[in-house]
Amino acid sequence: MEIFVIIIGAIFVNNIVFSQFLGICPFLGVSNKISTAIGMSGAVVFVITLATLVTFLIQEYILTPMGLDYLQTICFILVIASLVQMVEIVLKKITPSLYQALGVFLPLITTNCAVLGVAIMVIQQSFNLGGALIFAFATALGYGIALILFAGLREQMELSDIPKSMKGIPIALITAGILALAFMGFSGLV
Amino acid sequence: MNQLQNFTKGFIKESPTFTLMLGMCPTLGVTTSAINGLGMGLATTAVLILSNIIISCLKSVIPDKVRIPSFIVIIASLVTVVQLCMQAYVPSLYESLGLFIPLIVVNCLILGRAEAFASKNNVFSSFVDGLGMGLGFTFGLTILGMVRELLGNYAVFGHQLIHSDGILVFVLAPGAFLALGFIVAFINAIRNKA
């Protein structure tokens, strides 16, 4: 039951894009086409879950026992950056087809604040390892859902007649605002 | 480029918030009130100025191949310093900005300036660039914060103008997207006329 609450909470109620404002740059940047959005979502789900596992273990077994909590930011960002690089190399070697699908998005992920954000959030909310992984996976899934939904809307918007000064980013932001309003309907669910 | 131009470009022509759309996460996330926007902007400015100065000093020492990781380490250390200072001296602001302070590390604005400007220019121009861009970012965040606070709470910098509830949605999450969207559209409209 508790797991279910974590999952619904992370995907819908506290959606990482619409209520936490993390990962907005790629959210606006790669949401022009549904196919790109799906690729990016896959890469994000993979990296966030993996990065959270590694950073959680580092915090638990290295930083906290040694009293090095203040090194958290530096440590996490370095781990994430090298992890992304490593995932890229491994994928290229083992499953070239998956690399084809996700590869171009991987370098972009290092500067996606959602990854570092989730890693820090997990520590702040003091989950255990299982809870942390489920939370990270569900949050990333929420990111994917938001990205794909938004890409679908933007594909339609390409075809519609929009005032000149609203074209591009402004209308995208306003659409995101309306989508965020819709997601507010989930609040109070858990 | 003269230094004055270098300084002022961050405010309008290359405003990180309204034109380049860099550092969107803190822009949307912390601007529930003008004071939060200002605090976040100043914290980012401090990191940006220092990182620009340090990177521009070290530009001949850092090998080209590992420059991005080196930049990130420098930025992350500075963010930690700023984070500890804020925790010590302005605990209430630290509380309300929360998660977004460590996330200054991944603010694309800072890495972007390091890569595009500080690694190619001398120390003084990098300092001016960092100051200008940082204040431009602060300016953008404060404007957005003011608009949201005014519409959402009928208040300016925490001073209540009308004693009533306001349009609550502007302080909540959707309001961030809506307010920024309309401000950018407004700026575009002025630009298209000119």
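Helices (H or I, at least four residues) and strands (E, at least two) are DSSP runs, numbered from the N terminus. This is a predicted model, where local features need pLDDT of at least 70, side-chain atom pairs count only at pLDDT 80 or more, and totals for chains, interfaces and linings use all residues. Residues are numbered from 1 along each chain as its sequence is written, chains are lettered from A in the order in which they are written, and side-chain values use heavy atoms, without hydrogens and water.

Start with the surface of chain A. The patch consists of Leu57(A), Tyr61(A), Ile62(A), Met66(A) and Leu129(A). Leu129(A) sits in helix α8 (residues 129-157) of chain A. Together the five expose about 510 Å² of accessible area (Shrake-Rupley method, 1.4 Å probe, with only the protein chains shown as cover). Such a patch joins nonpolar side chains (Val, Leu, Ile, Met, Phe, Trp, Tyr) within 5 Å, from residues with over 30% relative accessible area and no salt bridge.

Now turn to the interface. Here 36 residues of chain A are in contact with 35 of chain B (heavy atoms within 4.5 Å). The two chains bury about 3000 Å², 85% of it on carbon and sulfur atoms; this is the accessible area (1.4 Å probe) lost on being put together, summed over both. Between the chains there are zero salt bridges (a side-chain nitrogen of Lys or Arg within 4 Å of a carboxyl oxygen of Asp or Glu). On the side of chain A that touches chain B, α2 (24-29), α4 (72-94), α7 (113-124) and α9 (169-184) each give two or more residues. Helix α9(A) gives the most, with ten.

Technical notes. Patches are made of residues with over 30% relative accessible area and no salt bridge: like charges are joined within 9 Å, nonpolar side chains (Val, Leu, Ile, Met, Phe, Trp, Tyr) within 5 Å.
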